[in-house]
Amino acid sequence: GVECVVGPELAFCGYPPRDLLFYRDFTEQCADTEQQLAREIGDVPFIVGNITSRHGEEGKPFYNSGIVIRNGQVIQRIHKTLMPTYDVFDEDRYFEPATTNSPVEINGKRIGVTICEDIWNDPDYWPQRLYTHNPVASLIEQGVDLIVNVSASPWHIGKEQIRVEMISKMAGKFKVPVVQANAVGGNDELIFDGHSIAINAQGKCVAMAAGFGDDQFIVDVAKSTEVVQFSDTSEDEKIYRALCLGTRDYIRKCGFSHVVLGLSGGIDSALVAAIAAEALGHQNVLGLLMPSQYSSQGSIDDALALAENLGIRTHTISIQESFDVLLNQLEPVFEGQAVDVTEENIQARIRGLMVMAVSNKTGRLALTTGNKSELAAGYCTLYGDMCGGLAVINDLPKTRVFRLCEYLNREHEVIPWNTIRKPPSAELRPDQKDEDSLPPYDQLDQVLEGYVVDNRTIDELKTSGLNEEMIRDLVQKVVINEYKRRQAAPGLKITGKAFGVGRRIPIAQKFRHT
């Protein structure tokens, strides 16, 4: 009995399609899918996102469009006006912006169709806007009964609340209801959370779809007055569900169903294993224990306890013999030089070789287990622990890793408590602790948040009360390890600024922060 159905932005091809758009057969399949779907749509119109080819016109080759399908055909195309080109977005590379937008007439109602970014420019919500034009205000001037937004808005911590606040303020100001249909799923580094919403003309949220999973709702925005709020879900639960969704979709869309990872008995690999088991099923996760002479019995026991808790299979492969052979072979080259981080890296690279060998032989995707704090400071080994096809927690600071593991243990032990409580260590030399090389993680993560996410200078970071020498050392570590991050596996974005697609820093540079 509904009058209209709404779906998300670029629903046929996924967001962002990137340079697939430059392949003619890709865009032709998008058009064919649109025609096939149109034949199945009757009198109830469907508003959804797709690309529109501009067929050789001047300007960019495509529009990012909202299409209105009814009675077997596309009755109207509305093109996106605002082209986001910041953070993870690069739409100006592909899409020509619309210069006009007119309401769509459906059952005697005037509906203003907008595409994602078109509603992210309200001057009463954003103190500093990126665009001079406000497409919503333009539609309001033409007279509309409803604003529809087809959206692919990627998630980071707190993003769903921002959408509700922003759209509620807009709807209440213009006294017009707004419906936003947001994409859900994982596409490479990006995670789309869903949380589609309907806001009535009083600025109240009257319907909301579930987060991090497929859902739909039916709402009469003209009559609904009962306020709907977010479920009582903790931030840790949202992060966990987001990482599970991103992991599941990345692995599935890449054609894999099984994964392999190294289990050290440490907290990072334990969390990645737990996410993988939840995302794929415990039977599809294989853990490799790869002890050396520096591995403590406690860590081995912790890794085995984790595997039992999760129900995943393990193999134990000692790397000691391989390590000894390599040291013996390198002895003539290393003669007269002291033992240093080189020998530590050799151990990590042997483990990386083992994981990749099992991946190649069994067809399992290899997961890396490094966190954002380590990746920032370069406390990771190229071709060692960085080997793999997906970096599940590389946007999760170490302090968040601890919080998330404690969340998983809220009802019963998933991550062995000893793993959570013991001092973090790479166990690559006798009695090694992370804090031998790094500041305490609560301080490191505070600097990391300020420098990487908020783009703060050293002078601004000094006002936090942290030691200036420590701040300068950490910032320098972030700068000089850019080359490592450029070679890292793609990782899942869950914070406002992740290493990867949304952060573009030159590797070769002479600039140094003062």
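Let's start where strand E1 meets strand E2 (residues 46–53): two bridges join them, and the two run parallel. Strands here are DSSP runs of E with at least two residues, helices are runs of H or I with at least four, and both are numbered from the N terminus; two strands pair if DSSP finds at least two bridges between them. Within this pair, valine 5 faces phenylalanine 46 of E2. Helix H1 (residues 24–40) packs on the sheet and touches E2, strand E3 (62–70) and E4, where contact means heavy atoms within 4.5 Å.

A word about the model: it is predicted, with local features needing pLDDT of at least 70 and side-chain atom pairs pLDDT 80 or more, while totals for chains, interfaces and linings use all residues. Residues are numbered from 1 along each chain as its sequence is written, and side-chain values use heavy atoms, leaving out hydrogens and water.

Now look at helix H5 (residues 267–280), where you will find aspartate 268. Aspartate 268 is buried, with a relative accessible area of 9%; buried means under 20%, exposed over 50% and partly exposed in between, using a 1.4 Å probe and protein chains only. Its side chain makes a polar contact of 3.1 Å with that of asparagine 371 (a pair of N or O atoms within 3.5 Å; within protein, one must be able to donate a hydrogen and the other to accept it, and residues adjacent in sequence count only if both atoms are side-chain atoms).

Finally, the largest nonpolar core has 49 residues. Such a core is a set of buried Ala, Val, Leu, Ile, Met, Phe, Trp, Tyr and Cys residues joined through side-chain atoms within 4.5 Å. H5 gives the largest share of this core, 11 residues.

Key. Axes are lines fitted to C-alpha atoms, for helices over the stretch in contact, and angles run from 0 to 180 degrees between N-to-C directions.
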